Amino acid sequence: MTTLLRLASLRLTLAIFVVFLLGILLAHLAGLSFSPIVTACCFLWALNLIAVLFSHGNFRRQPALLVFHLALLVIVILVAAGRLIYLNGQAEVLEGQAFSGRLVNFESGRFHPWSLKEASFVNHGFQVRYAPGLQRLETRNRVSWTDEQGVDQTAVIGDDKPLLLKGYRFYTTWNKGFALIFEWQPKGQTPLLGSVNLPGYPGNALKQAQQWKLPGLPEPVWAMLQFEGDLIPQDQEGEFRLPDDYQVVVRYGERRWELNPADSKVVDLPGGQLRYVGLTTWMGYLVTWDATVPWLLLASTIAVLALSGHFWQKYWRRPWNPD
Amino acid sequence: MEALVELRVLWAAVVAYVLAGSIAIIGVLLKKRPERSVLGLMLVGLLVHTASIAIRWERLGHGPFVSMFEILSSNVWSLMLVFVIAYWRLPAVRPMAALVMPILFIMMGWLMTVSPGETRLPATYHTVWLFIHIGFAKIFMGATLVAVGISGVILLRSTVFGREKFQRLPGNERLDELSFRCMAIGFVFESLMLIAGAIWAQDAWGRYWNWDPLETWSFITWLLVAISLHARLTFQISPRQGAWMIIAVFIAAFLTFFGVPFITQSAHQGAV
């Protein structure tokens with residue numbers, strides 16, 4: 001009983017808050033991970049609150065205050081659950097291609113259900129407007145998918161308008177660019193069609209090159225997209241677009257080829273022929289999943305409503321200055 | 001041309017606010033209560049300031065949410081609005097205007113030194129949650145400002161000068177009760193601000209919370225308010241100690257609103 005009373009101390013509540021504050025401050029200033037301090041303080045605070053619920057009759061007799069604290073407890077549990085099942089990732093999808101479920105990189109909770117392959121959609125291209133000074137304005141990306149009833153759907157999504165599929169949210173991002181499409185014809189084998197995503201544009205305007213390995217070749221192939229001038233003007237409004245006039249530079253070992261899309265398109269490599277097919281775009285998507293969010297928002301709303309009710313009951317009946 | 005009109009109208013509003021504040025300060029020093037003049041000038045300033053914001057809104061096609069100039073201007077406006085309501089509804093504590101207005105003078109002075117250049121609303125700001133999130137934040141700041149004014153009276157009363165000048169105001173225990181009621185209102189609205197911000201962040205960036213500098217400092221401020229409210233319940237703290245806690249909360253909130261944008265490059269800057 002003594003332990004329970006000690007655990008239910010309001011001084012302990014205050015001490016936990018102070019430690020929480022100092023911990024957050026330390027993590028922020030020292031660049032440490034927030035998770036350990038948040039987890040530890042929320043766990044301590046949850047224990048303290050449960051003990052208070054059992055031992056303080058006065059607390060239980062104030063329903064609004066009780067609901068507020070219970071809602072806070074639910075928020076703590078939901079946040080912890082969310083860390084176990086969340087997903088944050090990035091995907092790159094070529095114009096005209098379907099999202100295959102592959103992420104470029106990601107971080108996820110241990111129990112994330114991984115149903116990304118069921119969230120397939122096609123990227124039909126995008127428009128990005130720029131204000132003077134290369135300030136990116138809205139992005140409009142047309143996508144299509146087949147819904148659960150087998151009906152084809154289309155939508156225009158953006159940085160702030162996600163595509164919602166199977167609980168996943170797909171947002172466009174600043175990260176988008178050009179992609180070179182090549183056909184690789186190994187000697188005596190069937191040709192392979194593939195794309196090389198160049199670094200994001202205009203963020204990496206001076207680094208529009210990429211290297212990759214072709215099947216059967218010992219060394220990597222390097223390719224660069226070359227064009228004159230700025231596609232998006234620095235000093236006036238503009239739009240992301242494909243260059244009208246460009247050439248593709250390919251390098252393998254010491255050899256170098258300059259491909260002009262209008263005529264020469266084939267490069268002879270030791271193991272076969274590499275044919276340049278065309279230039280297109282790719283969009284980088286932010287992919288997120290967290291099933292606890294709607295419940296978190298519900299619990300938060302209940303918490304604030306209950307707190308408002310508590311203060312209303314406490315203060316409304318009693319004037320602050322009765323004289 | 002319209003930009004010049006907007007600035008001139010803003011100057012007129014600042015002049016009205018400064019006159020109101022100066023009269024309030026003189027009133028306290030001379031132990032007079034020129035409350036009608038103060039309220040009238042504050043209202044005139046508020047109306048003219050509203051016109052200045054409206055002209056800019058019409059000219060740029062978006063509200064005052066992007067640059068430091070816009071954020072300072074809209075915050076001076078919202079703080080004045082909350083303070084005018086408090087001034088009107090709480091006649092017993094009106095002399096606190098002599099302490100609150102200098103805080104707003106600092107913000108107005110800062111406002112006049114930052115660039116009023118044209119801005120564009122980022123894509124993720126095209127949402128109703130922008131108004132909800134910022135609206136709650138402004139009410140929180142307003143309630144905290146009123147609490148700071150009352151706390152200032154409590155603290156000044158520990159000096160001979162303060163005791164003499166604020167003699168006619170209710171006792172410190174009553175003022176302490178009122179200031180913590182303001183903090184309770186502030187706590188509710190700061191919580192709402194965090195929730196609305198999380199909904200917006202989920203929509204705009206695919207995550208409801210990311211511990212970016214502004215989120216971190218907002219949470220630190222929320223914890224400070226929670227600590228001050230709990231401390232008042234747990235310990236029998238004196239009005240003076242309570243007043244210091246409220247001032248600490250206000251400093252943290254002020255740094256969060258106006259300091260963090262200078263030290264972060266993240267997407268969620270508050271001012272960009």
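## Where the two chains meet

Let's start at the contact, to which chain A gives 48 residues and chain B gives 43 residues. Keep in mind that this is a predicted model. About 4000 Å² is buried between chain A and chain B, with 72% of it on carbon and sulfur atoms. On the chain A side, the residues that lose the most area to chain B are Leu14(A), Tyr315(A) and Trp320(A), which together make up 19% of what that side buries.

## Polar links and the chain A surface

Between chain A and chain B, 4 residue pairs are in polar contact. The rule also finds 2 salt bridges across this interface. In a salt bridge, the side chain of Arg318(A) meets that of Glu177(B), at 3.8 Å from N to O.

Several elements of chain A supply at least two residues each to the side that touches chain B, among them helix H2 (10-30), helix H5 (63-85), strand E15 (272-289) and helix H6 (293-316). Sorted by class, that side of chain A holds 28 nonpolar, 10 polar and 10 charged residues.

Leaving aside residues up to four places away in sequence, Met141(B) touches Leu79(B), Phe250(B), Ala253(B), Phe254(B), Phe257(B) and Phe258(B).

Definitions and conventions: Residues numbered from 1 in each chain as written. Chains lettered and ligands numbered in written order. Predicted model: local features only at pLDDT ≥ 70, side-chain atom pairs only at ≥ 80, totals over all residues. Heavy atoms only, no water. Contact = heavy atoms within 4.5 Å. Buried area = accessible area lost by both parts, 1.4 Å probe. Salt bridge = Lys/Arg side-chain N within 4 Å of Asp/Glu carboxyl O. Polar contact = N/O pair within 3.5 Å; in protein donor to acceptor, adjacent residues only side chain to side chain. Helix = DSSP H or I, 4+ residues; strand = E, 2+ residues; numbered from the N terminus. Nonpolar A, V, L, I, M, F, W, Y, C, P; charged D, E, K, R; others polar.
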